[in-house]
Amino acid sequence: MSVLAIIAARLFKAALTLLAIAVLNFCLLHAAPGDPAVVLAGEAGAADEQMIEQLRERFGLDQPFGVQLWKYVSGVAQLDLGYSFRQGAPVIDLIAERLPATLLLTLTAFVISLVFGIALGVAAAARVGKPQDSLLTALALLFYATPLYWAALMAVLVFSVWLGWLPGFGYETVGAGYTGFDRALDIARHLVLPALTLGLFFMAVYMRMTRASMLEVSTADFVKTARAKGLSGAVIRRRHILRNAILPVVTLAGLQAGQLIGGAVLTETVFAWPGIGRLMFESLAARDYNTILGVFLVSAAMVILFNIVTDIVYRLVDPRIGARA
Amino acid sequence: MSFWKRFRTNIGAIVGVVLLIGVIAIALLAPVIFEHGPWQMVQRPFLAPFAVDGLPLGTDTLGRDVASQLAHGARVSLLVGLVSTLVALLIGVPLGALAGFYGGYVDEGAMRFTEFFQTIPNFALAIVLVAIFEPSLASITLAIAIVSWPPVARLVRAEVMSVRKREFVDAATLAGLSKHRILIRQVLPNTVSPIIVMASLMVATAILLESSLSFLGLGDPNAMSWGYMIGAARTVIRSSWWLSFFPGVAIIITVLALNLIGEGLNDALNPHLSRKGRA
Amino acid sequence: MKHLKATTFLIAAALATPLAAQQDGGRLDIVVQPEPPGLMLGLVQNGPAQLVAGDIYEGLLRYDTDLNPMPGLAESWEVSDDGLTYTFKLHEGVKWHDGEDFTADDVVFSAGTFLPETHARLRASLAYVDSITAPDPLTAVFKLKEPFGPFISVFEAATMPMIPQHIYEGTDFANNEMNATPIGTGPFKFDEWVKGSYIHLVKNEDYYVDGLPHLDEVYYRVIPDAASRAVAFETGEVDVLPGGSVENWDIPRLTEMDGVCSTGKGWEFFAPHAWMWLNNREGPMADVRFRQAIMYAMDREFMRDVVWNGFGKVPTGPVSSVTNFYTDDVTIYDHDPDKARTLLDDMGYDGEPVRILPLPYGETWQRWAEAVRQNLSEVGINVEIDSADVAGWNEKTSQWDYDMAFTYLYQYGDPALGVSRNYTADRIEKGSPWNNVEGYNNPELDKKWFAAATMTSPEERQAAYDEIQKEIVDDVPVAWMLELEYPTIYRCNVQDLVTTGIGVNDGPRNAWIEE
Amino acid sequence: MSTLAIEHLTIGLPEGADRPFAVEDVSMTIDKGHILCVVGESGSGKSMTANALMGLLPPGVAVKAGRALFEARDVLRLPEADKMALRGASIAMIFQEPMTALNPLMRIGDQITEVFAAHDRFTQAERRKKALDLIREVQLPDPEKIIRAYPFQLSGGQRQRAMIAMALALEPKLLIADEPTTALDVTTQSQILKLILDLRDRRGMAVMFITHDFGVVAEIADGVIVMREGKVVEQGPAAQVLNTPQHGYTRRLLAAIPTGVLPERRVLSDSPALEIKGLRKIYRTGGGLFRAPREVRAVDDVSLTVSRGEVLGLVGESGSGKSTLGRTAVRLVTPDGGQVLVGGTDLAALSDEDLRKQRHKVQMVFQDPYASLNPRQRIIGAITDGPIARGIPKARAVARARELLDIVGLGADAASRFPHEFSGGQRQRIGIARALAMDPELIIADEAVSALDVSIQAQVLDLLRDLREKMDLSILFITHDLRVAAQLCDRIAVMQKGRLVEIGTVHDIFLNPQQDYTKQLLAAVPGADWDNQKVPA
């Protein structure tokens, strides 16, 4: 089966999953105490029955639950994520505005964690049992045990406040009027701390995984074959062990995309990163159902995308899969 | 048996056990060690560590004893970690076992369900669940369990599938045992080791999750926990670093201990893999 | 003869500081927290929206820090002796940001058509209005059905913002596309809003007051985390921290920095007054002795000092000490645990647990609830802290599902505007968290509240409110906690930032930066 | 002059192992153009010796004493860089498992040319040409295609050929072959053996051939060394060791080998224990939205009968469908068509619930002694589970279990122990006891002795033969090994690709095979020409 056909099949499945997520979360959110009309009226500083009724009517909250659900889900099926009454804009616009920031953050963190995680894992495995290995393993365990938000706080404290090296929050220097390369550089500087803190935990995960996987593969028969051929240790590690060891790491990385995007909520909050994670958290407190649902759907779509990408990477690396299917 | 022998020789695991026993002891003995409860205002706020006798870790924003908070916080963190892991196992093990054992449509259905939960970013889901059920120990525990069972289901499914292919299962079938009986008596006991290992790591993750929720203000306001302490102190991190530092270290130590134990268990319970791991 | 309240105020503001020292240009970065849901001030009036949109929209009047009216879009105004006719003379040559002229028709449209539909708080005041007319393009006349003492206080920008008729007439107000790009008459124009990051306003070159504004642009910065906001100020990213943007514990540290100034002024119009709703309907709270016991059990001074870091003032009753018609001639509740215990014994309190619902507005409020719990538990009251996010809090208070709930409300300069709504029986309405949520029902006192509102003589009103305050304080319908003080922290080179009773909300109008 | 001379080699095991030395004071020489077979059962240290030569000893295992002279240098003590240069170039090695010994992610061609690259020989184009030549030399079909193929696209035999191509790439003087044919089917095995002989002749290299199978030894060996628990028990020219073994252990090993000598004919009863009629099982793999599933006819219209008291051997190579047939007969697999009649009941047609009640009629003894017992269940539980489920009172079931344990030669006290306390052969005995406990009408033994060392294998076969006599058992004996089948069976059925090729008495099949495939199988049996009955016991 061609890669295209696989993608088509996966996308079809993804669409069903997303629809199911829409339904479940819609029910979940409507079970929550807190009426968006009341919240919005409350925020206005004063509210009376008339205003709340007006708002309910506008939000469609006066209709039976089933009707609301049907309207929402059929909207989603047509890629219409509804309207955020609190923000006064279509949800899809709100998300589109914030999505690039989240994508930039999570993808950077993903790449950083994967690249460094694998590199360090390989380095540790190559020196197994030696002090360097113990040091790297201990560091990984430490990162693994460190709460993300705590690391973020400490990073801001050290690198932004004390050392003044990097901006501690935000997406770019506001109103600096940078364009082109300068702007990219500016955003990159802002990206360093959040991406690193978000990536740190996952780097530890991938490092441990890579190390274990390298060691496991290094006992495989074909590695013995390679040694019997007279290949040097470095060549064996690179050509034989690493390529095979990386497969489970890639799979795991794809599976953990959901966690990564979840972790973005915390990172975005601490670093004032204008992404969809923060949008969700803020919308939650306002019971801005449509926005929360939209964020859920979009982030689930992102997870699926990560999965499909890792799947394709897997296929590219492992010739067995494509042929077998 | 050789399990203990193998476990004992793992220095990391022993360190983990010692640390964890320490944390558990402190948690259990908290009311005995500290005369002041974690909420009691006992001194001026923002006292630095050792600034005043009897307050080795100083006081917090309301003048409460940080040491006492830390000790009482251990109870909540451990409790949430343990209970949520148990609940996650209660969801994940049966689902994974049924999927792996019966295969076919049962498997397909169960795995779709699991995938579905894995597709929703788990921390975001936990936030929404806690917000909806309103933060309390019960809702937090449940939310953590709900977002952490999918890996259990997957693991158990994979294990059951591999055990199911072993010939002793065929033998049990030929002995005329019912499917349920085979699953429960023959297959599941052979998946216990990896489940134990995973559970120990899940407790660690649950503690991290709980602290993250508390940090975002979604903790139980009547339960002193480490995440709550960090969340409460993050605004004063500049002037009173110890308020967020000590609970952070407490979390790291506990999670580290659990991870070390988990690895030790893994090495000891799956000696085949461990030899590879250290080779 | 008509009583002329104020006329030639025109250049008073400009004269307040020496002209020579003022410098034009520069940019101001102000923190806004949380991000406002919208900037169309006629539709959204929460604090952040007022802060930002206060530069875009204007009202007919402005108010100084003693709550005296000052010219806004109206350059002068008259109130008839019977207190029934308010005549406003509008500023000449005022243009909307899109270039259209601002006229008295806009006033009629705003107060007569737009705001009654969208602005619940103003609606209560507009109920007294009989007619609004525009005899000529620069004159607007409000005629009242009966005298309404505080009516002169309703013309502030967020209370009665002027809405462009040419944009909104005949449209669905709430869903007008122009809501996203607000058009006002104010000193700054809306330029760009990057959601989650910042709102950018630029100087209105055609502003009708010569020489204003001084600043070229204003950035309102969205930084969701209180600690990050403090860091942003420290690292020079932002210049102004409006009240409430950082936790109180950070304030001393920030104000001790070089070149940093702070002021507690600029909140007089709002006079945020914090208390706990005590659910008078059920449980031990229905017993006045229990409510009094709560007052005696709490060490409010201590809480002010520790939780609020010394900011604010312990209130004596429902009216803030900066609001008009305040008196301190009432029963004073000092910290007296023994008295509290005695009261509890009297009523035979059986230890029934009560819940406290903190206000989900950050760590300070959480700590406050914890301190209250500690105080109450010391006199033997069993307390549990309930928790809810903003939505949950709104739901629980407006559905009366609480025992004790923290809140704070603005007083808008006059008890009839911002105080009586919380205590009169006609305002016991489920569904809103801003009215008589505690369910206090005292018909005798209700009559006095109504009477006081419609008196025209300030002296009479003072006497009436003195009596009300004395009586209500003994009843303890709610537990008054603190007159909140929110210092504004800013760099000292920012001049004339806080000159009015609404502070930073219209601060950039006059502000300038000293080189 | 000898190519390799090992002198007094001693290899130490890490602390905590069951013995101090893996190999103790072993000496041997291999001459140019000679094949030396190192023979022994598992744990004899034969592979360790080879690994030591290659410098591939696992961590913790080290050479303690002795030397190995190759081209006048002691290869055991060369610096690592020199060892590396030697490996693959002068000494090459092939391994047992063709499925795992090749890197699954690399093309065959790349894995061959890698050898040249490692030793820095030839240009890219030359390497490719050489690789094609090698592929041709090991007689792989369609070299241009093979060079681009991944290992998973090759069969086991093809992979082993590819391995050999790699090993031969730099024309080594010594080839070490560690059980290279053990995992292969018998016909493939004979082809690979022939290939190795060919190559030896053509290239004149020395070969160290490690095996446990005296049949293979008889086929190719010039010299033989017999090892046991790390020590050499006997060595000499092949003919001498095979025909006049000196050492008792060698004699026992030789005696244990199943022979082509056929048992006496027995008279069989007419009443059938098992009747299989028109049995069919098709496996479908893959399939989905866009493509048709692939079909494999695992069992294709097979009919046969096992009479009461008869042992029917079911012989075939891997993939012949013999195991599927066995599993279908006990209905671990539900057939797609046909009948399985046991005592008149068609097992294939029963509902799950009815089937459970009839299960006891057919029992199975499994191949893998390590997987066939639940590691977390005591032996007594494993044996009594079935009878108790049938409704037999527990006390009686336990008593019977102890009795059976005695019968299979373990002693009743084995009952309370766990499986890991037993050796492979003992576990197979437990498996037999478990099957017997159900009083079945038929036992299916699925490769029940294949995983065992040859001496253990012989013991278990003896036990089965014994039980057959005593208990009048009916057995369907599934095996890939014709020699084993010949020892025990009354009749033999030969399967190929799901079909029944030929069925007949042992004598008919061995002495007068009708079908070509049967003849091929018989011809492929290693050491078929050599008869160990000549060896004095």
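Me: What's the make-up of residues 292-314 of chain A, and how far apart are the ends?
Reply: In this predicted model, that span is 100% helix and 0% strand. Its end C-alpha atoms lie 32 Å apart.

Me: And what about residues 138-167 of chain A?
Reply: There the span is 77% helix, again with 0% strand. The end C-alpha atoms sit 29 Å apart.

Me: Ok, what does UniProt call those stretches?
Reply: An unreviewed UniProt entry labels both as "transmembrane region". The record also puts that feature at 103-126, 187-206 and 246-272 of chain A.

Me: Switching to contacts: how many residues do chains A and C each put in?
Reply: Chain A gives 44 residues and chain C gives 40.

Me: Which helices of chain A supply at least two residues each to that side?
Reply: They are α2 (36-43), α3 (49-59), α5 (91-126), α7 (148-162), α11 (257-270) and α12 (276-285). By class, the chain A side has 23 nonpolar, 10 polar and 11 charged residues.

Me: How is chain C itself divided up?
Reply: Into domain 1 (21-37 + 187-266 + 486-514), domain 2 (57-181) and domain 3 (273-483). The centres of domain 2 and domain 3 of chain C are 33 Å apart, taken over C-alpha atoms. Each of those two domains brings 11 residues to their contact.

Me: New topic, chain D. Is helix α11 (residues 322-329) mostly covered or uncovered?
Reply: Mostly covered: eight of its eight residues are buried. Among them are D:K322, D:L325 and D:R327.

Notes
Residues numbered from 1 in each chain as written. Chains lettered and ligands numbered in written order. Predicted model: local features only at pLDDT ≥ 70, side-chain atom pairs only at ≥ 80, totals over all residues. UniProt positions renumbered as here; feature names shortened; annotations may be inferred. Helix = DSSP H or I, 4+ residues; strand = E, 2+ residues; numbered from the N terminus. Buried ≥ 20, exposed ≤ 12 C-beta atoms within 10 Å, placed from the backbone. Contact = placed C-beta atoms within 7 Å. Nonpolar A, V, L, I, M, F, W, Y, C, P; charged D, E, K, R; others polar. Domains from an automatic or database assignment.
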